[in-house]
Amino acid sequence: MELFHNLIFGFGVAFSLQNLLYCFIGVMVGTLIGVLPGIGPMATIAMLLRSPTTSAGRGDDHAAGIYYGAMYGGSTTSILVNLPGETASVITCIDGYQMARQGRAGAALSISAIGSFFAGTFVR
C-alpha cells in the first residue's frame with residue numbers, strides 16, 4: 001500500500017503547476033538554442049543550467065525540458081536548410097529537406113515534433 005501512496009505522491013509532484021511551468025520554459029529555451037547549428041543537447045544543457053538566468057534558485061528541475069527541446073530544435077535546421085547541427089539530426093536531412101523543397105516544410109516539422117514528443121514521453 002505504501003508503494004501506491006509513494007507513486008501517487010510522485011505523480012502529484014511531477015504534475016504540479018510549478019514543475020510543468022519550468023519544464024515548458026525549459027523546452028522553449030532548449031528549442032531556441034538547439035536550432036543553432038553545431039550546438040547539441042549536451043552543450044545546451046551545459047550552457048543553460050549554469051547561467052544565472054536559468055538556475056537562479058530553481059535547481060535543475062527543467063533540465064529534461066532543456067534536453068528534449070534541444071533534441072527537437074536540431075531537427076528544425078536539418079529540415080529547413082539541410083544542415084544537421086548534431087549527429088541525431090542527420091537522418092532528418094534525408095526526408096525532411098526533400099519535403100521542405102516540395103513545399104511541405106510544415107508537415108515535416110509537425111512529424112518531427114510529434115515523433116519527438118511521443119519518443120520522449122512513452123519510450124523513455
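Helices here are DSSP runs of H or I with at least four residues, strands are runs of E with at least two, and numbering starts from the N terminus.

A word on the source. This is a predicted model, where local features need pLDDT of at least 70 and side-chain atom pairs count only at pLDDT 80 or more, while totals for chains, interfaces and linings use all residues. Residues are numbered from 1 along each chain as its sequence is written, and side-chain values use heavy atoms, with hydrogens and water left out.

Now the overall numbers. The chain has 124 residues, and 29% of them count as buried. Buried means under 20% relative accessible area, exposed means over 50%, and partly exposed lies in between, with a 1.4 Å probe and protein chains only. The accessible surface of the chain comes to about 8000 Å². Carbon and sulfur atoms hold 71% of that surface. Areas come from the Shrake-Rupley method with a 1.4 Å probe; for residues, only the protein chains shown count as cover. Next, contacts, meaning heavy atoms within 4.5 Å. Take those in the chain with a separation of 6 or more: residues 24 or more positions apart account for 50% of them.

On to helix packing. Two packed helices are described by the angle between their axes and the distance between the axes. Helix 5 (residues 90-101) packs on helix 6 (residues 105-123) at an angle of about 150°, and the axes are 7 Å apart. That makes helix 5 roughly antiparallel to helix 6. The cut-offs: under 35 degrees is roughly parallel, over 145 roughly antiparallel, 65 to 115 roughly perpendicular, and the rest oblique. Axes are lines fitted to C-alpha atoms, for helices over the stretch in contact, and angles run from 0 to 180 degrees between N-to-C directions. Which residues meet here? From helix 5, Gly96, Met99 and Ala100; from helix 6, Ala105, Ala107, Ala108 and Ile111.

Stay in helix 5 for Tyr97. Tyr97 counts as partly exposed because its relative accessibility is 22%. Leaving out residues up to four places away in sequence, Tyr97 touches Ser78, Ile79, Leu80, Val81, Asn82 and Thr92. Tyr97 and Ile79 are 18 residues apart in sequence, yet 4.5 Å apart in space, C-alpha to C-alpha.

Asn82 sits in the loop between helix 4 and helix 5. Its phi is near 60°, a positive value in a residue other than glycine. Most residues other than glycine have a negative phi. At 36% relative accessibility, Asn82 is partly exposed.

Helix 4 itself spans residues 63-80 and holds Thr76. Is Thr76 buried or exposed? Buried, because its relative accessibility is 15%. Beyond its neighbours within four places in sequence, Thr76 contacts Val35 and Leu109. Tyr68 is also in helix 4. Tyr68 is partly exposed, at 28%. Tyr68 and Ser116 lie 48 residues apart in sequence and 8.0 Å apart in space, C-alpha to C-alpha.

Last, the surface. Met1, Phe4, Leu7, Phe11, Phe15 and Leu20 form a nonpolar patch with about 740 Å² of accessible area together. Helix 1 (residues 2-14) gives the largest share, three residues. Phe15 is in the loop between helix 1 and helix 2 (17-34). Phe15 counts as exposed, because its relative accessibility is 55%. Patches take residues with over 30% relative accessible area and no salt bridge, joining like charges within 9 Å and nonpolar side chains (Val, Leu, Ile, Met, Phe, Trp, Tyr) within 5 Å. A salt bridge is a side-chain nitrogen of Lys or Arg within 4 Å of a carboxyl oxygen of Asp or Glu.
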